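Below is a colleague's note on the model you sent, written as numbered points. Please read it alongside the coordinates.

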Amino acid sequence: MFALIPSYFYAASLDMENIRDLTQTLLAAENPSFLQVFSFLSFVNANGWILSLACFVSLGICLPLLLGFIEKHMRIGSRSLKGIWGRFNTNFLSTLFVGVLFLAMYELWALIASGLIYGATLMFSGIAGNVAAVLLYFAMLALIAYIASVFLLWLPCLLITGYNFVDALAYSNQLYAGKKGGLFLAVFLPCAVSGVVTLLVVGVFAPMHVPLPVFFIVEILFLLLMLYYSALMFVAYFRLTGEERADLQKKF
């Protein structure tokens, strides 16, 4: 429920014309422009920036509620929505700060990834350029997944412990150090699967001028990833701190 609105706005913000042109360019073994690649990878594009802004605003409202619901479910075992707006007031500023910071890091990543992918298509011609571009794409996905895994526990540490931003980050790094490999895979594998599905859907439907399947698949992927990563950060926090989860207790 909390992920439906942000996922809709994210899918609606996609520049379908750019996606189609980029796909046709790559399938023709031609060199795409830097702006084509960056518009595909970036959270914001020139044509859909208003919808991207709507997506971010809806995330700013829905994500604190979703995180509050997940934390409440794990801490006391309740799935009730009662008191959820109280958690919004508690979670809003911390979630907004971390969200803005990660968005800035993601846009920097998109800029660097676009430059590398564009450079690969210039260095290698034809099919070799496409293969190099795809390999670089997944290598850069691994990089952003690693960065995300490093900061994965920061938000739960902020919301649950009440620490300030610096102390919560230091504590999250202590927890992360004991399970960095597992957390990286937990972040990267769904991201990689989503990347494969996106490339396949775009490759099949974009050249056919059929945008609806691309829209719905991207919306579903964003929704699932939002729910997955929101739950993952709390599951990892409770496991690494050894705190008891009420939602796992057997009820007789």
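This is a predicted model: local features need pLDDT of at least 70, side-chain atom pairs count only at pLDDT 80 or more; totals for chains, interfaces and linings use all residues.

1. Once neighbours within four places in sequence are set aside, Phe 234 is in contact with Leu 67, Ile 70, Glu 71, Met 74, Pro 156, Leu 159 and Ile 160.

2. Helix H6 (residues 126-150) and helix H9 (residues 180-205) have axes that come within 9 Å of each other and cross at roughly 145°, and the crossing of H6 past H9 is right-handed. On the H6 side the contact is made by Tyr 137, Phe 138, Leu 141, Ala 142, Ala 145, Tyr 146, Ala 148 and Ser 149, while H9 contributes Leu 183, Phe 184, Val 187, Phe 188, Cys 191, Ala 192, Gly 195, Val 196 and Leu 199. Sorted by class, this contact of H6 with H9 has 15 nonpolar residues, two polar residues and no charged ones.

3. How many disulfides does a search of the whole structure find? The search finds zero. For Cys 55 the closest cysteine sulfur is that of Cys 62, and because the two sulfurs are 9.6 Å apart, they are too far from each other for a bond. For Cys 191 the closest cysteine sulfur belongs to Cys 55, at 16 Å, which is likewise too far for a bond.

4. Cys 62 is placed in helix H4 and counts as buried, its relative accessible area being 10%. Not counting residues up to four places away in sequence, Cys 62 touches Phe 2 and Pro 6. By contrast, the C-alpha atoms of Cys 62 and Asn 18, which are 44 residues apart along the chain, are separated by 29 Å.

5. Two further residues of helix H4 (residues 49-76) deserve a look, Ala 54 and Ser 58. Is Ala 54 buried or partly exposed? Ala 54 counts as partly exposed because its relative accessibility is 24%; its C-alpha atom is 9.4 Å from that of Ile 5, which lies 49 residues away along the chain. Ser 58, with a relative accessible area of 7%, is buried, and apart from neighbours within four places in sequence it is in contact with Ile 5, Pro 6, Phe 9 and Leu 63.

6. Finally, Ala 110 is found in helix H5 (residues 84-123) and is buried, at 0% relative accessibility. The C-alpha atoms of Ala 110 and Ser 42 are separated by 5.5 Å, although these residues are 68 positions apart along the chain. Ser 42 is accordingly one of the residues in contact with Ala 110, together with Phe 38 and Leu 41, when neighbours within four places in sequence are left aside.

Note on methods. Residues are numbered from 1 along each chain as its sequence is written. Side-chain values use heavy atoms; hydrogens and water are left out. Contact means heavy atoms within 4.5 Å. A disulfide is a pair of cysteine sulfur atoms within 2.5 Å. Helices (H or I, at least four residues) and strands (E, at least two) are DSSP runs, numbered from the N terminus. Buried means under 20% relative accessible area, exposed over 50%, partly exposed in between (1.4 Å probe, protein chains only). Axes are lines fitted to C-alpha atoms, for helices over the stretch in contact, and angles run from 0 to 180 degrees between N-to-C directions. A crossing is left-handed if the near helix is turned anticlockwise from the far one by less than a right angle, and right-handed if clockwise. Ala, Val, Leu, Ile, Met, Phe, Trp, Tyr, Cys and Pro count as nonpolar, Asp, Glu, Lys and Arg as charged, and the others, Gly among them, as polar.
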